[in-house]
Amino acid sequence: MDLVNALVALANFVLIPATAYGAQLALGALGVTLIYGILRFSNFAHGDTMALGTAFTILLTWGLQGLGISLGPLPTALLALPFAIALTGLVMLATDRSVYRFYRKKKAAPVILVIVSMGVMFVMNGITRFLIGVDEIRFADGERFLINARAFKEATGLEEGLALRSTQVLTVVTAVAVVALLFWFLNNTRTGKSMRAFSDNEDLALLSGINPERVVMYAWLIAGALATTAGVLYGLDKSFKAFTYFQLLLPIFASAIVGGLGSPLGAIAGGFLIAYSEVAFTYAFKKVLTYLLPDGMAPEGLVQLLSTDYKFAVSFAILIIVLLFKPTGLFKGKAV
Amino acid sequence: MRKLLLASTAAVLAAGAASAEEIKIGVILGFTGPLESITPAMGAGAELAMQEVTDSGMLLDGATVTSVRGDSTCIDAAAATAAAERLVTTDNVNAIMGADCSGVTGAILTNVAVPNGVVMISPSATSPGLSHTNNEDQGLFFRTAPSDARQGVVITDILMEKGITSAAVTYTNNDYGKGLADSFQSAFEAAGGTVTINAAHEDGKGDYSAEVGALASAGGDILVVAGYIDQGGSGVVRAALDTAAFDMFYFPDGMVGEALNTNFGAELNGSLGAYPGTDSPGAAKFQEMAAAAGIDGTSAFAPESYDAAALIMLAMQAAGSSASADLKDHVMAVANAPGEPIYPGELAKALELIKAGTDIDYVGASAVELIGPGESAGSYRQIEFIDGKYDTVNFR
């Protein structure tokens, strides 16, 4: 029985990675849910918007590094982020003007807009690859670790190491800050309130004189900012590869739908729920149990519910269960 | 006019046939696809040997050898079969140097080479599944690359010498990774070691912390990473180092490269590995020849490609015929001892010796020694990480 080692192992391989991953999913899901709330369609291009925003950030980061500017222990990418958000915002507005507005004017059915967004997705995917290539890029600089696993082992004398990457802490802190800012914006500003009104009841909102084009514009700008931030945090924490963001689309949509489409709070809860489930279901608990159980009772097998190959299957399963039993999601969003 | 043209063409053909035979060798490699970065050097290596033989004018009394290239795509068996079919039936190649990846090589062998009776010598297909111990290939298939079954034994030997008895294995989820992981597991367990976990990872993902979590939970003294250095393999190593899940790694052939030094450096101190390579003087000689011809001779499997093409032509000389049916029985004889050792650049001498009836032992650029059903015994360069970069410590 060795409670401390068990807890450290659990934190190192489950709690810390899942929390960081959850924060990244939550930010992504917020963007999806926002577009769904205002424009009433599932934006499949969101994953590639994240990739494009991150590509902008990487290019700007390289520029800043070339000029010799850095943030000391923090990644330079944070400095480049606001500019990248502005660029992504411009791309979002341009896409809306050239593509989505046409279908909005025609009052196209949501399913048509979904297909349109898939087209946008492929174009954006191509632009991202064209812009920055298909190779893996690591753009995190500055201090890599807050707690180094090896140093932790030596300092505490424990058998298990605990690694806490600075990017993981940064991810969670940034996510909390962004979410707080978003909620303040939605609840306290005039624009935020009009967005909520528009989302709740479009006709009433129009009657009370809210300009729909303005609301749509703000929705795209915020979605672009959220996507870029989520993409950059994911890229800093893991690595950037144009294609991996496309794969993130599934867990992000699962998060948004589980939480309830259109509900910002639901997107956050959904993000963490999906992240914790994915990691916990595919983690092999052999080591933790070996520490916890008395000698001689240690498990022979790996005590792994699912092979890591089936990580995405977890998102799918949760999605199906929620849609079967609570179609509006945990936080009473809109039914899909 | 038409008659005149036909007549002149016939005359040219007749004249050509009278002076010397024109031999064609098919070069089927994945010029597009996942290996497209190394296949140009492989093809050029093979053509270097053909050029050497043509220039010597010694093969079958002055025959010229030309290469006809085909694209195996490395992954698309149907496309590879079609390309091989074209080479064999339309271009009438005498033999095939190729293919490169194990899957397409097997497809070409069963669909084209065996039905048409054409000899194939692959420079790089390493799957244990291609060892035809029951003559399924009708003696037509050879390879200058070792089977991964051999690499499994090499890894086991290296680990056992270091006193490592438990290992976790992660492999890239394809024929190469799975074949290597399984051959290592059976060899290691036969030698008394324990494989704690043998789990796949998918290439091209952003995050491997879940995979590493499972590997770490299973434990083991060392992590064997049977993956690709530019793909998931490096991702797994990064995540394992970050979480201190493993201190020691073993890198098979797909993982050894300069990128390990630049990406990880001192973090890998003490880790082990091995990749095909030899300290035979032939390797250095090939590098020189390749450099003079403007080819990257250090590129993976380029020496093996040179050797594959050379073996085909030497076997033709030994058989006294350029037909696959005749030359297939002579490949093993020219490749192995006894006989005069032959290094790269000495093909003219080899052809002369064979003509004079002297036995030769082709060593070539990759120290060729064909065993069993005609595959390379395989020599490996064992490496170890010291002071942030890997160094060759031994040859096996």
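I began with helix 9 (residues 212–237) of chain A: at 1.5 Å a residue its 26 residues should span 38 Å, and its end C-alpha atoms are 37 Å apart, which agrees. The expected span is 1.5 Å times one less than the number of residues. Helices (H or I, at least four residues) and strands (E, at least two) are DSSP runs numbered from the N terminus.

I noted that the model is predicted: local features need pLDDT of at least 70 and side-chain atom pairs 80 or more, while totals for chains, interfaces and linings use all residues. Residues are numbered from 1 along each chain as its sequence is written, and chains are lettered from A in the order in which they are written.

I then checked burial (20 or more other C-beta atoms within 10 Å of a residue's own, C-beta atoms being placed from the backbone). In helix 9 of chain A, 20 of the 26 residues are buried, so the helix is largely enclosed by the rest of the structure.

Next I looked up the contact between the chains (C-beta atoms, placed from the backbone, within 7 Å). Chain A gives 28 residues and chain B 20 residues. Helix 1 (3–39), helix 5 (149–156), helix 11 (264–282) and helix 12 (286–292) of chain A each supply at least two residues of chain A's side.

Last, I traced an open sheet in chain B, of seven strands with mixed pairing, in the order 7-6-8-9-10-15-16. Strands pair if DSSP finds at least two bridges between them. Strand 7 (194–201) and strand 16 (389–395) of chain B stand at the edges with a single partner strand each, so one side of each is left without a neighbour in the sheet.

Terms used. Two residues are in contact if their C-beta atoms, placed from the backbone, lie within 7 Å. A residue is buried if 20 or more other C-beta atoms lie within 10 Å of its own, exposed if 12 or fewer, and partly exposed in between; C-beta atoms are placed from the backbone.
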